[in-house]
Protein chains: 2
Amino acid sequence: MSCAEAKRCHTNPLVNCGDCRLGALCLPIALKTDEINQLDEIVKRGRPFNKGEHLYRQADPFHAVYAVRSGSFKAYATADDGTEQVTGFYLPGEILGMDGISSLSHCSSAVALETSSVCEIPFNRLEELSSQMPSLQHRFFQIMGKEITKDQQMLTLLGKNSAEERVAALLLSISARNNHRNLSATRFRLSMSRAEIGNYMGLTVETVSRVFSRLQKQEIIGVENREVEILDMEKLKGIANVA
Amino acid sequence: MSCAEAKRCHTNPLVNCGDCRLGALCLPIALKTDEINQLDEIVKRGRPFNKGEHLYRQADPFHAVYAVRSGSFKAYATADDGTEQVTGFYLPGEILGMDGISSLSHCSSAVALETSSVCEIPFNRLEELSSQMPSLQHRFFQIMGKEITKDQQMLTLLGKNSAEERVAALLLSISARNNHRNLSATRFRLSMSRAEIGNYMGLTVETVSRVFSRLQKQEIIGVENREVEILDMEKLKGIANVA
DNA sequence: GCCGTCCCTTGACCAGAATCAACATCACTT
DNA sequence: AAGTGATGTTGATTCTGGTCAAGGGACGGC
């Protein structure tokens, strides 16, 4: 995303779902124009979040889900002993906050990893609208189903795969999601720290750092701080066990 | 469950949602009597599954979700290289098959761990009915949300916890789910093998076996083959980091 | 009741990632 | 531009759990 584009995206709360560049990735897929307009009415677009600001916190009452408009968020759960577990990274067009649906309070927190903005979708309004609009209901079932399959793939990764396989899989996931948003699949900036990557993948910072170094030495990726370039996509897929 | 009860449960496909012992755990929560009857009309109750029979297989077209009526199922995904990853165990009253919602084909397989029966809920009928019945829509959003939070807790477990913590957490999970169904929280029979437990928890059979032995030596649990008794619930919770 | 297979347990050894530690570098503040 | 705290890299060492191997026991079929 260019700077100008980013700025427009963060600062213009007037863009509606119909015009949104992300429309095709977000909730409105498969909705008709007038349906999109109805959805648009319940969506709240607030001021952007600065890096480190929270969208919601664990134990907050649940009242909405959020579509990332720009930037990125990390969701994480805090255990009784204070340790944190990152449960997901959310990029533009992706929906977060669904962890609160079952118990009506969030069981994780969400924090902006950079200057970011969201569309807030009040859940009771979404439910009402879904009742009247089968295609929206269908779409939201689909989005929740996707979250389930994503988490289950993650379980496989954490249960079976080595440090290299995990890191490779994360890079490929980000690459694919960028590609889907018409951004470069081979060159991108990580908005999360090594520690956050490690936490998410069940590894320590040191291990993540070593894997990055090793992959760079093998000329599979190029790394400069948080800037990553995938130099050999095939080899990377080989490492990640994604044929 | 007594033998007679089990037999009635497996073999009597005429029990309806209104009469079902599991009603309070399953889909019908918060539905009115006439709503339950409508739900009942779309539910299909087939013959029981023998141990080892599949409810659905990976890549099968998705057309229904299933509520476990009796027995238990394991869901697992098979990777390209043939290795399997168990993604969940499902006990009576729990819903499985939601992994197919997003892509319209199942991305995991489900197999009966013992003689078991299910209620099949065709998904397009469920969607139709949900559109007309906000409380059912709400309930199903809730069930999917619960699957999401369950998977995310599992991520934390696999990302951070030691072998002992993982096994303790599984025993406590089964205990709590049994308790919820008015069965003993302290004494139960595992329907899954050590290998399946290990696979689910990201451990080898040997490690699971060793953990069982250690917990038994400390008199925290009693184990005889697949029969488990929790002798010291507090200590077990201490080990699982569940305060 | 016997046999074969699968399941489980236990031991010895090994490897991959965690931990501990030191240092380099980045980014933000002043 | 310098200083400071957070972030990242690299090396040495430790340790948990994986791997390999062997044997015992349960269960289902005949």
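The buried residues of helix H6 of chain B are covered by elements including E4, E5, helix H5 (163-180) and H7 of chain B. Contact here requires C-beta atoms, placed from the backbone, within 7 Å of each other. Helices (H or I, at least four residues) and strands (E, at least two) are DSSP runs, numbered from the N terminus. The model is predicted: local features need pLDDT of at least 70, side-chain atom pairs count only at pLDDT 80 or more, and totals for chains, interfaces and linings use all residues. Residues are numbered from 1 along each chain as its sequence is written, while chains are lettered from A and ligands numbered from 1 in the order in which they are written.

Six of the eight residues of H6(B) are buried, so this helix is largely enclosed by the rest of the structure. A buried residue has 20 or more other C-beta atoms within 10 Å of its own, an exposed one has 12 or fewer, and a partly exposed one falls in between, with C-beta atoms placed from the backbone. The buried residues of H6(B) are B:Glu196, B:Ile197, B:Gly198, B:Asn199, B:Tyr200 and B:Met201. B:Gly202 follows H6(B) and has a positive phi, near 70°.

Strand E5(B) is mostly covered, with six of its seven residues buried. Its partner is strand E4 (residues 73-78) of chain B; the two pair in the antiparallel sense over six bridges. Pairing requires at least two bridges found by DSSP between two strands. B:Phe73 has B:Tyr90 in E5(B) as its bridge partner. E4(B) and E5(B) form a hairpin with five residues between them. In the turn, B:Gly82 has a positive phi of about 90°.

The contact between the chains takes 38 residues from chain A and 38 residues from chain B. On the chain B side, strand E5 (84-90), helix H3 (123-132) and helix H4 (134-160) each supply at least two residues. H4(B) gives the most, with 19 residues. By class, the chain B side divides into 13 nonpolar, 17 polar and eight charged residues. Ala, Val, Leu, Ile, Met, Phe, Trp, Tyr, Cys and Pro count as nonpolar, Asp, Glu, Lys and Arg as charged, and the others, Gly among them, as polar. The copies meet through the same surface, because 100% of the interface residues of chain B are also interface residues in chain A.

Chain B superposes on chain A by a rotation of 180° with 0.0 Å of shift along its axis (RMSD 0.0 Å). The two copies are thus related as by a two-fold rotation axis. In chain B, the C-alpha of B:Ser131 is nearest the axis, 2.3 Å from it. The superposition is by least squares on the C-alpha atoms of residues with pLDDT of at least 70 in both copies.

DNA strand C is surrounded by 18 residues. A residue is near a strand if its C-beta atom, placed from the backbone, lies within 6 Å of it. The closest to DNA strand C are A:Ser162, A:Thr207, B:Ser193, B:Ser209 and B:Ser213. Two or more residues each come from helix H7 (205-217) of chain A and from helix H6 (194-201) and helix H7 (205-217) of chain B. H7(B) provides the largest share, six residues. The surface near DNA strand C divides into six nonpolar, seven polar and five charged residues.

Around DNA strand D there are 18 residues, of which A:Ser193, A:Ser209, A:Ser213, B:Ser162 and B:Thr207 come nearest. The largest share of the surface near DNA strand D, six residues, comes from H7(A).

Technical notes: Two residues are in contact if their C-beta atoms, placed from the backbone, lie within 7 Å.
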